[in-house]
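User: I have a structure open and want to go through it with you. Can we start with the surface and then work inwards?

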Amino acid sequence: SSCEPCREQQREINDVAADYGDAVLFIGIAGTSAPDDAREYVSENDVAYPVGTDPSGEIWLQYGVDEPPLVVLVSRGGRLVRGWPGGVGGDDLREQIEELAVVPDA
């Protein structure tokens, strides 16, 4: 909720999520943000996919996150496929999804 780069990238990620939401599950983890702060971020930034918090930091540790943003692609079996420390632009995320996932024609 306090990550400025997250806010800057959110609109592009929202666009990608809207385009691929039928083929790819998008989930946001708001780190150690308080639930009310995460809800406010989701509302202010029109996030349409599920977002949870990670009060203990365990989820972040599993992916080696030491600070946001981090965008990752995780396979259906739970294997980390690709990550972008510092976040990712919409075009790069879209390209990687096209390369790795079976998606319906957009």
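User: Is I27 buried or exposed?

Analyst: I27 counts as exposed, because its relative accessibility is 53%. This is a predicted model, and the values are computed from it. I27 lies in the loop between α1 and β1 (28-29).

User: Which residues make a nonpolar surface patch with I27?

Analyst: L25, I29 and I59 make the patch together with I27, and its area is about 370 Å².

User: Switching to charges. How many salt bridges are there?

Analyst: The count comes to three. One of them joins E44 to R7, with the closest N and O atoms 3.2 Å apart. That pair links distant parts of the chain, since E44 is in helix α2 (residues 35-44) and R7 in helix α1, 37 residues apart.

User: Are E44 and R7 buried, partly exposed or exposed?

Analyst: E44 is partly exposed at 47% relative accessibility. R7 is partly exposed too, with a relative accessible area of 27%.

User: What does D19 pair with?

Analyst: The side chain of D19 meets that of R94 in a salt bridge, 2.5 Å from N to O. D19 belongs to helix α1 and R94 to helix α4, so this bridge ties together parts that are 75 residues apart in sequence. At 46% relative accessibility D19 counts as partly exposed, and R94 is partly exposed with 24%.

User: And R39, which residue is its partner?

Analyst: D36, with the closest N and O atoms 2.5 Å apart. R39 and D36 are three residues apart in helix α2, so about one helical turn separates them. R39 counts as exposed at 54% relative accessibility, and D36 is exposed with a relative accessible area of 53%.

User: Now inwards. Which residues of α4 are buried?

Analyst: In helix α4 (residues 90-100) they are G90, L93, Q96 and I97. They sit on the same side of α4, because the arc they cover around the axis is only 135 degrees. D91, E95 and E99 are exposed on the other side of α4.

User: What covers the buried residues of α4?

Analyst: The cover includes α1 (4-20), β3 (70-74) and β4 (80-85).

User: Let's take β3, then. Which residues are on its covered face?

Analyst: V71 and L73 are on the covered face of β3, while L70, V72 and V74 are on the uncovered one.

User: How many bridges join β3 to β4?

Analyst: Five, and the two strands run antiparallel. In one of the pairings, L73 has R82 of β4 as its bridge partner.

User: What about the turn of that hairpin, which residue takes a positive phi?

Analyst: G78 does, with phi near 95 degrees, and the hairpin of β3 and β4 has five residues between the strands.

User: Last one, Q10. Where is Q10 found, and is Q10 buried or exposed?

Analyst: Q10 is found in helix α1. Q10 counts as buried, because its relative accessibility is 7% and the cut-off for buried is under 20%.

User: Which residues is Q10 in contact with, leaving aside its neighbours within four places in sequence?

Analyst: With those neighbours left aside, Q10 is in contact with Y41, N45, V47 and Y49.

Conventions: Residues are numbered from 1 along each chain as its sequence is written. This is a predicted model: local features need pLDDT of at least 70, side-chain atom pairs count only at pLDDT 80 or more; totals for chains, interfaces and linings use all residues. Side-chain values use heavy atoms; hydrogens and water are left out. Buried means under 20% relative accessible area, exposed over 50%, partly exposed in between (1.4 Å probe, protein chains only). Helices (H or I, at least four residues) and strands (E, at least two) are DSSP runs, numbered from the N terminus. The arc is that of the directions from the helix axis to the C-beta atoms. Contact means heavy atoms within 4.5 Å. Two strands pair if DSSP finds at least two bridges between them. Patches are made of residues with over 30% relative accessible area and no salt bridge: like charges are joined within 9 Å, nonpolar side chains (Val, Leu, Ile, Met, Phe, Trp, Tyr) within 5 Å. Accessible areas come from the Shrake-Rupley method with a 1.4 Å probe; for residues, only the protein chains shown count as cover. A salt bridge is a side-chain nitrogen of Lys or Arg within 4 Å of a carboxyl oxygen of Asp or Glu.
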